[in-house]
Amino acid sequence: MLINWYPGHMNKARKQVKDIMPSVDLVIEVCDARLPFSSANPMLEKLRGTKPFLKVLSKSDLADPEVTELWLAEIKQAAQADALAITTEQPSIARSIPRRVRDWFPDRDTRVKPLKALILGIPNVGKSTLINTLAGKKIANVGNEPAVTKGQQKIRISDDFTLIDSPGMTWPGSKNETVNYRLATSGAIRDTAMEYDDVALFAMEFMLERYPENLKKQYQFKNLPEAPLDALEHIARRRGCMQRGGADFQRVGELFVRELRAGKIGRISLERPGKDCELEKVS
Ligand SMILES: Nc1nc2c(ncn2[C@@H]2O[C@H](COP(=O)(O)OP(=O)(O)O)[C@@H](O)[C@H]2O)c(=O)[nH]1
Ligand SMILES: [Mg+2]
């Protein structure tokens, strides 16, 4: 696709994470539950070394619950790794994080020496929402972040738990096309860096293969066509996204992708552990 890949972003993020790693006790990576592989930082496994690692699967209300269970089991298999699915619909799950990670440090008096957790995640994954839930008040801006980049931030969650957040420790996407299409489908890539008609074709091909019944129900298909373009044309007719000469694929593409992202077509996971993730993410 479409997305501009700047190796500089990845290198800058790598350097920042590497520099800060020795000073933290553990790492919390926020990934999107619909795409725990594609929304993850591919360098983190190496950079974290033996630091305890919690992978938080955010927006789990939007993901296929069966697939999320598979992901949680898969992630927990790694050494010193834990996984937790969270959603704003049940904030108590997110609030259990400090208690949960404290188990890694049974001998530490965390009131004397608070735990320091590095929190990481791609833009729009729900990091600020999680920080606010943990803090119990609005600390970080949710949604469109301000353009001004703040430096590294220490966020005191409680007497014995501190988060380290940095806007610089983020990365915009991947060199891999499929990864970028999944990110774009989920809403992780800015509107200005993608084309809805293009992303809609990817998303429709995926939905036809994995969630055909959801499509049928949402868009009243009698029979599903084989070609993604035909499926989009059907939706264009039903929803009035037509122009002279036929379907307006830009408009229907945007409508379809937005409904998919919002969960209107059901709870959808864009990848499962295993084969879906046999992709090279960085060079
Ligand atoms: N459906 C759903 N949306 C969420 C959830 N958590 C965050 N969001 C939305 O995701 C968007 C990005 O959230 P934000 O916390 O700003 O992400 P950040 O860029 O990683 O800091 C916002 O529109 C949030 O309302 C969740 O659990 N479920
Ligand atoms: Mg944020």
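# Chatting through a predicted model

Author: Let's start in a loop: Lys 59 sits between strand 2 (53–58) and helix 3 (65–76). Helices here are DSSP runs of H or I with at least four residues, strands are runs of E with at least two, and both are numbered from the N terminus.

Reader: Hi! Before we go on, what sort of model is this, and how are residues numbered?

Author: This is a predicted model, where local features need pLDDT of at least 70 and side-chain atom pairs count only at pLDDT 80 or more, while totals for chains, interfaces and linings use all residues. Residues are numbered from 1 along each chain as its sequence is written, chains are lettered from A and ligands numbered from 1 in the order in which they are written, and side-chain values use heavy atoms, leaving out hydrogens and water.

Reader: Thanks! What is the phi of Lys 59?

Author: Lys 59 has a positive phi of about 55°, although this residue is not a glycine. Most residues other than glycine have a negative phi.

Reader: Is Lys 59 buried, exposed or partly exposed?

Author: Lys 59 is partly exposed, with a relative accessible area of 24%. Buried means under 20% relative accessible area, exposed means over 50%, and partly exposed is in between (1.4 Å probe, protein chains only).

Reader: Which residue other than glycine also has a positive phi near 55°?

Author: Gln 80 has a positive phi near 55°. Gln 80 lies in the loop between helix 3 and strand 3 (81–85), and is partly exposed with a relative accessible area of 39%.

Reader: Changing topic: how many residues surround ligand 1?

Author: There are 16 residues around ligand 1, and the closest are Asp 61, Asn 124, Ser 128, Thr 129 and Gly 143. A residue is near a molecule if one of its heavy atoms lies within 4 Å of it.

Reader: And what classes are in that shell around ligand 1?

Author: The shell has five nonpolar, seven polar and four charged residues. Ala, Val, Leu, Ile, Met, Phe, Trp, Tyr, Cys and Pro count as nonpolar, Asp, Glu, Lys and Arg as charged, and the others, Gly among them, as polar.

Reader: Which side chain has an N or O atom 2.6 Å from an oxygen atom of ligand 1?

Author: That is the side chain of Thr 129. Backbone atoms come in too: a polar one of Asn 124 is 2.7 Å from an oxygen atom of ligand 1, and a backbone N or O atom of Lys 127 lies 2.8 Å from an oxygen atom of the ligand. Taken alone, ligand 1 exposes 590 Å², and the protein buries 78% of that. Such areas come from the Shrake-Rupley method with a 1.4 Å probe.

Conventions
Polar contact = N/O pair within 3.5 Å; in protein donor to acceptor, adjacent residues only side chain to side chain.
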